[in-house]
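This report describes the overall build of one protein chain and then turns to a single residue within it. The sequence and the structure are shown here for reference.

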Amino acid sequence: MASNEDDAYEIMKDLDVDYVLVIFGGMIGYSGDDINKFLWMVRIAEGEHPQDIQESKYFTAEGEYRIDGRASPTMLNSLMYKMCYYRFGEVTVDHRQPSGFDRTRDSVIGDKNVKLKHIEEAFTTSNWLVRIYK
């Protein structure tokens, strides 16, 4: 999840992964979602693969953890970010906010045009809380 899609896809193939589930609260304002827990996943991955994953790369130069236009390139390219925000840039959750507005983080996402190369969306609930990819 912390890797870019190309690297993550190779890991998923090695582990015989068929489906990946993410919990995304940006549509409904649910703060217990995977983006808010993501830094723990990054820390665990860094502990096991410090040559590939470094937590500091997920922060801005100012030391902020962001998902908006100031998010780090590593964050924007992580598979977690892509799976949570795939097609979300097309969605308007509130007529007072632009498309791609994440209610949980009170921000417009940094990449409204997320593209996936190796995986595809299999299912997303109507409130976008549960998203499954294959």
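This is a predicted model: local features need pLDDT of at least 70, side-chain atom pairs count only at pLDDT 80 or more; totals for chains, interfaces and linings use all residues.

## Surface and burial

Of the 134 residues in the protein chain, 42% count as buried.

## Fold and dimensions

The protein chain contains 4 helices and 5 strands, and, read from the N terminus on, these elements follow the order α-β-α-α-α-β-β-β-β. The radius of gyration of the protein chain is 14 Å, close to the 14 Å given by the globule rule for 134 residues, so the chain is as compact as a globular protein of that length.

Taken along the principal axes, the box filled by the C-alpha atoms of the protein chain is roughly 45 × 35 × 25 Å. Among the contacts in the protein chain with a separation of 6 or more, 61% are accounted for by residues 24 or more positions apart.

V114 lies in the loop that runs between β3 (107-108) and β4 (121-124). Because its relative accessible area is 5%, V114 counts as buried, the cut-off for that class being under 20%.

Leaving aside neighbours within four places in sequence, V114 is in contact with Y81, K82, Y85 and Y86. V114 and E10, which are 104 residues apart in sequence, are 20 Å apart in space, C-alpha to C-alpha.

Conventions
Residues are numbered from 1 along each chain as its sequence is written. Side-chain values use heavy atoms; hydrogens and water are left out. Helices (H or I, at least four residues) and strands (E, at least two) are DSSP runs, numbered from the N terminus. The radius of gyration is taken over C-alpha atoms; the globule rule is 2.2 Å times the number of residues to the power 0.38. Buried means under 20% relative accessible area, exposed over 50%, partly exposed in between (1.4 Å probe, protein chains only). Contact means heavy atoms within 4.5 Å.
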